[in-house]
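Look over the sequence and the model before reading on.

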Amino acid sequence: MIAPDLKTAHDALQELAAAASVVVPFTGAGISTECGIPDFRSPGGIWTRLKPIPFDEFLARPEMRDESWRRRFAMEAEFANAAPGRGHRALASLYRAGKAPGVITQNIDNLHQLSGIAPEHVVELHGNTTYATCLDCATRYELSWVRARFEAAGGRAPDCPDCGGSIKTATVSFGQAMPEDEMRRAEELTRACDLFMAIGSSLVVWPAAGFPLMARRNGARLVIINREPTDLDDMADLVVRHDIGAVLEPFIAA
Ligand code: NAD
Ligand code: ZN
């Protein structure tokens, strides 16, 4: 069913959530647009302006590492100032109520953690952009540390002082392997739920988009919340084409 209006959507969602014993939310960039972080594919999204840097180019070319850090610091105000939105707060309420054991996210903005979901219950399929790691020895570096060296070197990306490896935000780039542990945990959550909610994801990035399919095939109810149609709408029990904040607001508990 495609919810004809917001009121119908609210009622149908409340009913589905009440009937479910385990709800697993799966979120994409759309849940964070109201927090001031643009998504990739909407008009005005990041991709209308910048082509992503694939992992092999990041590794192979120092100027791509410089460019990648230049872009990251250009976005720092958006990431650093963002606070959880209504969608994040609603999902944190479901989590605190014991209804949702965790959240699977494609987002890299750390906002689910900031909304009060324990870090071990946020499965980040594409990593986290609020800190960096050495690709060779895995040492963690804070962005302020990277930025100070980047600026002191006139816009050159620093290498790891311990091992000489490249330092990258702790995110998964195109062409980079998916994190095994997160993939396993996402699968466990997906198989454990009887209600799967895909929220603000264009559902075109694989393998992440495979989780709603997996949930559906496993017998869970599927809800898709996105202001645009997605390729999986046909197999959803409920499709809500409205603003995520407005749709999830009633789930925010005091
Ligand atoms: P996407 O940009 O492909 O899709 C976002 C979707 O959300 C779009 O389909 C859009 O229609 C919808 N949307 C946007 N704002 C909405 C709103 N207020 N209400 C309802 N729907 C809304 O993002 P994606 O599918 O999550 O995948 C792209 C990848 O980009 C992710 O894997 C992630 O790694 C990365 N990314 C992350 C962030 C972030 O962390 N906030 C931001 C941009 C990109
Ligand atoms: Zn190192």
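## Ligand sites

A backbone N or O atom of Gly200 sits 3.2 Å from an oxygen atom of ligand 1. This is a predicted model.

| Residue | Atom on the residue | Atom on ligand 1 | Distance |
|---|---|---|---|
| Gly200 | backbone N or O | oxygen | 3.2 Å |
| Asp243 | polar side-chain atom | nitrogen | 2.8 Å |
| Ile244 | polar backbone atom | nitrogen | 3.0 Å |

On its own, ligand 1 has 850 Å² of accessible area, and the protein covers 96% of that.

The shell around ligand 1 holds 26 residues. Ala29, Arg41, His126, Ser202 and Asn226 come nearest. By class, 13 shell residues are polar, seven nonpolar and six charged. Domain 1 (1–36 + 84–126 + 178–254) and domain 2 (39–74 + 127–171) each supply at least three residues.

Ligand 2 is a zinc ion. Which protein atoms are the donors of the zinc ion? They are the SG atoms of Cys134, Cys137, Cys160 and Cys163, at 2.3 to 2.4 Å. Along the chain, these donors follow the spacing C-x2-C-x22-C-x2-C. The angles among the four donor atoms run from 98 to 118°, and the site is tetrahedral.

Are Cys134 and Cys137 buried or partly exposed? Cys134 has a relative accessible area of 2%, so Cys134 is buried. Cys137 has 34% relative accessibility, so Cys137 counts as partly exposed.

Key:
Residues numbered from 1 in each chain as written. Chains lettered and ligands numbered in written order. Predicted model: local features only at pLDDT ≥ 70, side-chain atom pairs only at ≥ 80, totals over all residues. Heavy atoms only, no water. Donors = N, O, S within 2.8 Å, 3.2 Å for Na, K, Ca; no water. Tetrahedral: all angles 85-135°; square planar, octahedral: opposite > 155°, others 65-115°. Buried < 20%, exposed > 50% of the residue type's maximum accessible area, 1.4 Å probe, protein only. Near = heavy atom within 4 Å. Polar contact = N/O pair within 3.5 Å; in protein donor to acceptor, adjacent residues only side chain to side chain. Areas by Shrake-Rupley, 256 points an atom, 1.4 Å probe, with all protein chains shown as cover. Nonpolar A, V, L, I, M, F, W, Y, C, P; charged D, E, K, R; others polar. Domains from an automatic or database assignment.
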